[in-house]
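Have the model open as you read.

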Amino acid sequence: MPYESRSLNLFEGETYLPDYVRLRVKGCDDAGLALAAHHSGSTSAGGEGCDACVVPTLYDREAGEVMVDSLRICRFIDEQDGSDRLVPEALDDAIRMEIGIVDNLPNYQMLAAKPPGEDRRPPSQRGKNGIDFATAKVARCDKYLEQFRDDPDLVRAYRAKRDKEFNAKQTLFDPASMTRAYGIMEAALGAFDGGLPRPRNPGCSARRRRWPICSGSLISRASIISAPGISGQTAGCPPSRRFIGADSSCRRSGARFSSGPAPCSARRRPISAPA
Ligand SMILES: N[C@@H](CCC(=O)N[C@@H](CS)C(=O)NCC(=O)O)C(=O)O
């Protein structure tokens, strides 16, 4: 399927550009998703509602259709070309269950704010508390609300996003909320280590079946966004902690991760993690 890809710089605020936001408002409306005006920490469009100022977006030029939300985008792509699916039909239920976990991780808090306890983030991140980031987003929305006050769709989008980020700034980044957020990530890693229900796939060896299909997305996401706050103190250094290098006694061991637990079928392309 031919496609053209455009990158948007989140930190430069390119996801707030009016033409892009207009596209997304259409995508949210067409999907019947209300615009989210509060932030629980999860970025799941299913649970939280739609955000018109974020990535990813897929625009089908031929059909004039706008698709928002990574989960819906994956499904849309599979509907176009059944021969080479991102989500094999036989594993649909299992993948849906695991994506449910990954999609509801508190990504925003872990990306932007100080972990509970000692701040072991890279020096460039240390000292950032999430509030500055959310405050900058509120200011950006205020600027566009003023500039496009006569455009009803843009006003709807920027107002909802403003309220959402204002709510985030007030509720997500205090120590108690951050401890809760890391608890959610720890629980997801615990589910991974404990082994989620296995997909029925006769092509997989028992050893390979040990590993959940989307574990790659969960673990790599954990290693990128939350390793500095994840405790390695869990008994026996479970695989997830070893991989993300949670603790000096649980050393990072990517080789071990990649040699044992290949996803259930090497023939299948891995599904990408929802944004
Ligand atoms: N699951 C949602 C999540 C979208 C999302 O929150 N994207 C973040 C990046 S991971 C973003 O673009 N943030 C920019 C901002 O809030 O300013 C989707 O796929 O639509």
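What covers the buried residues of helix 1? The cover includes strand 1 (57-60), strand 2 (65-68) and helix 7 (152-171).

## Ground rules

This is a predicted model, so to speak of local features we need pLDDT of at least 70, and side-chain atom pairs count only at pLDDT 80 or more, while totals for chains, interfaces and linings use all residues. Residues are numbered from 1 along each chain as its sequence is written. Helices (H or I, at least four residues) and strands (E, at least two) are DSSP runs, numbered from the N terminus.

Helix 1 takes in residues 18-30, 13 residues in total, and reaches 18 Å from first C-alpha to last. That's close to the expected 18 Å at 1.5 Å a residue (the expected span is 1.5 Å times one less than the number of residues).

V21, R24, V25, G27 and C28 are buried here (20 or more other C-beta atoms within 10 Å of a residue's own, with C-beta atoms placed from the backbone; exposed is 12 or fewer, partly exposed in between). Down the axis of helix 1, its buried residues fall within an arc of 160°, so they line one face (the arc is that of the directions from the helix axis to the C-beta atoms). D19 and D30, on the other side, are exposed. After helix 1 comes G32, with a positive phi near 70°.

## Confidence

The protein chain averages a pLDDT of 77, and 69% of the residues score at least 70 (pLDDT is the predictor's confidence in each residue, from 0 to 100).

Methods: Two residues are in contact if their C-beta atoms, placed from the backbone, lie within 7 Å.
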